[in-house]
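Try each task before you read its solution.

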Amino acid sequence: MGSIIIFLAKNFVILLAKFLSGASVRWIDSQPEGCQRIYFANHTSHLDAIVIWAALPEKVREKTKMVAALDYWEGGPIRRFLAKKVFNAILIDREHVSKRNNPIYKMLELMGEDYSIIIFPEGGRSNGDLVRDFKSGMYYLAKKKPELELIPVYLDNMNRILPRGMILPVPMLSRVVFGPPIWIETEENKDAFLVRAREAVLKLKEY
């Protein structure tokens, strides 16, 4: 019975996300393949990760975990059920980060050798008009997994669907643009890599 409920909930959420976002999906010089990847995107709404996840084909989606804030997704039984049972999300404790409780280690552990992840390197939501500087976590994650494709994703108009402070989403038309993969270079320093990764997302605004 539990597996049926999870199956129904998953399909309902996918359909709802597509309806609310009205998202057109484009792949620029990349394809939705099942290899292990890190998808990284700009962040303006609580729906961002769900919309990216829903935009992936089923076989790719089943092998992709969204990285999300523990404090938000533990905020009630429905969110908790969705995060743990439907999305199979990696929940990160942003309030008690330390060397022993490093989010990067948790991501690497739960990715294993099979799962891709969806991350938001800005570290929090922006107002939608600006992609803020990327935090260092993406650099250290890429250093630990230098062989993985890093797929930039640009989300357009998501901030108008569920703006800050709003509880109920408003249906809108948005875009999800997946770009060509990048990799961290052997001698590339942190600042140079983070600037290049951010620029890879910004370039997708043109499509």
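Predicted model: local features only at pLDDT ≥ 70, side-chain atom pairs only at ≥ 80, totals over all residues.

Residues are numbered from 1 along each chain as its sequence is written, and side-chain values use heavy atoms, with hydrogens and water left out.

**Exercise 1: the nonpolar core**

Task: Find which residues of the largest nonpolar core touch the most other members.

Solution: 
- Begin with the term: a nonpolar core is a set of buried Ala, Val, Leu, Ile, Met, Phe, Trp, Tyr and Cys residues joined through side-chain atoms within 4.5 Å. Buried means under 20% relative accessible area, exposed over 50%, and partly exposed in between (1.4 Å probe, protein chains only).
- The largest core holds 33 residues, and those touching the most other members are Tyr39, Ile50, Ile52, Met66, Trp73, Phe87 and Phe178.
- Next, look at where the core residues come from. At least two each are supplied by α1 (2-21), β2 (37-41), α2 (48-55), β3 (64-69), α5 (77-86), β6 (149-156) and β7 (175-178). Here helices (H or I, at least four residues) and strands (E, at least two) are DSSP runs, numbered from the N terminus.
- The top contributor is α2, with 7 residues.
- A second, separate core has 30 residues, including Val67, Met111, Ala142 and Leu194.
- Now zoom in on methionine 66. Leaving out residues up to four places away in sequence, methionine 66 touches Ala49, Ile50, Trp53, Phe87, Ala89, Ile90 and Ile118, where contact means heavy atoms within 4.5 Å.

**Exercise 2: the helix pair α1 and α5**

Task: Describe how α1 and α5 pack, and list the residues that meet.

Solution: 
- Two packed helices are described by the angle between their axes and the distance between the axes.
- For α1 and α5 the angle is about 105° and the axes are 10 Å apart. Axes are lines fitted to C-alpha atoms, for helices over the stretch in contact, and angles run from 0 to 180 degrees between N-to-C directions.
- Angles under 35 degrees count as roughly parallel, over 145 as roughly antiparallel, 65 to 115 as roughly perpendicular and the rest as oblique. The two helices α1 and α5 are therefore roughly perpendicular.
- On the α1 side you will find Ile5, Ile6, Ala9, Lys10 and Val13, which meet Phe81, Leu82, Lys85 and Val86 of α5.
- Sorted by class, this contact has 7 nonpolar, no polar and 2 charged residues. Ala, Val, Leu, Ile, Met, Phe, Trp, Tyr, Cys and Pro count as nonpolar, Asp, Glu, Lys and Arg as charged, and the others, Gly among them, as polar.

**Exercise 3: valine 13**

Task: Is valine 13 buried or exposed, and with which residues is valine 13 in contact beyond its neighbours within four places in sequence?

Solution: 
- Valine 13 sits in helix α1 and is buried, at 12% relative accessibility.
- With those neighbours set aside, valine 13 is in contact with Ile50, Leu82 and Phe87.
- Valine 13 and valine 86 are 73 residues apart along the chain, and their C-alpha atoms are separated by 8.7 Å.

**Exercise 4: salt bridges**

Task: How many salt bridges does the whole structure have, and which parts does the pair of glutamate 62 and lysine 10 tie together?

Solution: 
- A salt bridge is a side-chain nitrogen of Lys or Arg within 4 Å of a carboxyl oxygen of Asp or Glu. A search of the whole structure turns up 8.
- One of them joins glutamate 62 to lysine 10, with 3.6 Å between the closest N and O atoms. Glutamate 62 lies in the loop between α3 (58-61) and β3 and lysine 10 in helix α1, so the pair ties together parts that are 52 residues apart in sequence.
- Glutamate 188 is buried at 10%, and arginine 196 is partly exposed at 25%.
- Glu33, Arg37 and Glu149 form a network of salt bridges.

**Exercise 5: positive phi**

Task: Where do aspartate 29 and asparagine 88 lie?

Solution: 
- Aspartate 29 is not a glycine, yet has a positive phi of about 55°. Aspartate 29 lies in the loop between β1 (24-27) and β2 and is exposed, at 66%.
- Asparagine 88, not a glycine either, has a positive phi of about 55°. Asparagine 88 lies in the loop between α5 and β4 (90-92) and is partly exposed, at 33%.
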